[in-house]
Number of protein chains: 2
Amino acid sequence: MDAPVQALVAGAAGQIFARWMADHADRVEGALTARLPAVEAHPARLHEAIRYAVLGGGKRIRPMLVYGAGEFTGAAPGALDCAACAVEMIHAYSLVHDDMPCMDNDVLRRGKPTVHVAFGEAMAMLVGDALQALAFESLAAAAGLGASPTAVVAMVAELGRGAGSLGMAGGQAIDLAAVGRKLARAELEDMHRRKTGALLAASVRLGAACGRPLSGAERMQLDRFALAVGLAFQVVDDVLDVEADSATLGKTAGKDSEQNKPTYVSVLGLREARALAQSLRAEARSALAGLGPGASRLAAISDLIVQRSS
Amino acid sequence: MDAPVQALVAGAAGQIFARWMADHADRVEGALTARLPAVEAHPARLHEAIRYAVLGGGKRIRPMLVYGAGEFTGAAPGALDCAACAVEMIHAYSLVHDDMPCMDNDVLRRGKPTVHVAFGEAMAMLVGDALQALAFESLAAAAGLGASPTAVVAMVAELGRGAGSLGMAGGQAIDLAAVGRKLARAELEDMHRRKTGALLAASVRLGAACGRPLSGAERMQLDRFALAVGLAFQVVDDVLDVEADSATLGKTAGKDSEQNKPTYVSVLGLREARALAQSLRAEARSALAGLGPGASRLAAISDLIVQRSS
């Protein structure tokens, strides 16, 4: 990820951010490796499949939002690792289930065969189910590593809402029902605010909640940031699905239009979708503007989300 | 459930227990009805399917263990409702996923078409996924209703472990790998301790954790009780799968042997499986013996588990 990161912020600041990203990518990889049960643990085949689904791939954008928001509230690193693992496990489980034949039926993910292709459908289902449980277990561990029990309870509720029927799973259900339909822009936005936005927003909130309590104004601006960045992420995803090839994406490109799914590109056109991404980036930056230099990492992450090429 | 309950404990004690069971069945049904998103909430079809999967059926054995254990530690009723909903939601999600074509491919559950038959496979997957998230959200709510935040954090970790790859989901994976194989009794026990025992044991622990802290000795005896009752439940399930018909069970009878799955009956024979259930009941009662009259409800529940006919 170093090259695009450096290209993005010129000079020394870009180098420092690239280094931070690389350090924290290593950090979350290490934390995930430690938190996932060992391959040797019984049942070994399930643990092998879980590690296959989670480790050695992915952009780790949600963990980066956790770490960035935690930097803003001075959170303990150990607690942030737990929250970062939790959101990444939820994300990884959602990909495993989403790729299954009864959902998107995709065969390629992060440049590798999808879990159900490599391990079978039943195992893929259990990988996702077990990962969701492990995510909450991981979050609970933050209480022993610097987050207050009261904060952790709030984080569990937040992650539950973000992943559940009013959040991510609800967004997937709307997505299912939308295949072949023409959605209005507001419907599309509602779908994506749930499907991807809810977990991205939860990542920001969880990271912040590991540290000092937020003021009401700070919470409002962080939420505004989280919502903008969550939607920007999806708009860029839709643009990349049209523009990039499968090798760059590490997943099947052009899948959305092939499956006749409404996207920002199909609803707005490519040019306007790109413009929307830029305006959401500006909204994200504007939300952070009042939060001072402690929020600069979040600003750099939101730039990266909009300017990524995969 | 009144008839078998009354048949089980003679006289006044039986009537009181039957009344307690009926009251608490109503109680958890009300709590589930309130905690599950309304059908009108968007996306409505998902919420309809979630309510279909959870409400109006099931023996609610896990919630009864929560309430029974909470009675022992003097837990607040509101906190117990949250924990009871959480374990029942985890149980309900596991049934929805387990019934899907890539797993057991079953069409009948609680006397109704299974969720994937009624709502489609993709929706069934999302119902299960959303229910697991909702379970943890429900557990978190116990902190506002009489359980301490520290206890709730421990409960989240406990439920995560019980549902995850070393617990319920792990047991399912072992079950998958066991189809067509002949398991030794120890392997069968390991599978069931995870597949059903882990969540039943978690139910006891969660209910107890809502109230006063346990002494080390109390914790040990309650755990011994939970393990015995968890295994007894499965042994009885295997016996009923052979003895009862589908109408009584509300699910397809004889499915295990048809699917060539190892069961206590196939490994031990029917007579010895029945004897094992009785000896586990004795073990459960012996574990409770030192805990005094506060544990009498748990004793009655374990009798019910062994003597049920569906």
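This is a predicted model: local features need pLDDT of at least 70, side-chain atom pairs count only at pLDDT 80 or more; totals for chains, interfaces and linings use all residues.
Chain A goes onto chain B by a rotation of 180° with 0.0 Å of shift along the axis, at an RMSD of 0.0 Å.

Residues are numbered from 1 along each chain as its sequence is written, and chains are lettered from A and ligands numbered from 1 in the order in which they are written.

Now the interface. Here 44 residues of chain A are in contact with 44 residues of chain B; contact means C-beta atoms, placed from the backbone, within 7 Å. On the chain A side, helices 3 (44-54), 7 (121-140), 8 (149-163) and 9 (168-178) each give two or more residues. Helix 7 of chain A supplies the largest share, 13 residues. Helices here are DSSP runs of H or I, at least four residues, and strands are runs of E, at least two, numbered from the N terminus. By class, that side of chain A has 30 nonpolar, 9 polar and 5 charged residues. Nonpolar covers Ala, Val, Leu, Ile, Met, Phe, Trp, Tyr, Cys and Pro, charged covers Asp, Glu, Lys and Arg, and the others, Gly among them, are polar.

Next, a helix pair within chain B. Helix 11 (residues 216-243) and helix 15 (residues 270-289) of chain B pack at about 160°, with axes 8 Å apart. Helix 11 and helix 15 of chain B are therefore roughly antiparallel, a term for angles over 145 degrees. Their contact has 17 nonpolar, 1 polar and 5 charged residues. Among them are Phe225(B) and Val229(B) of helix 11 and Leu276(B) and Leu280(B) of helix 15.

Last, some backbone details. The peptide bond from His42(A) to Pro43(A) is cis, with omega near 0°, and Pro43(A) sits in the loop between helix 2 (11-35) and helix 3 of chain A. In chain B, a cis bond likewise joins His42(B) and Pro43(B). Arg110(A) has a positive phi, near 50°, though not a glycine; its place is the loop between strand 1 (108-109) and strand 2 (112-113) of chain A.

Note on methods:
Two residues are in contact if their C-beta atoms, placed from the backbone, lie within 7 Å. Copies are superposed by least squares on the C-alpha atoms of residues with pLDDT of at least 70 in both. Axes are lines fitted to C-alpha atoms, for helices over the stretch in contact, and angles run from 0 to 180 degrees between N-to-C directions. Angles under 35 degrees count as roughly parallel, over 145 as roughly antiparallel, 65 to 115 as roughly perpendicular and the rest as oblique.
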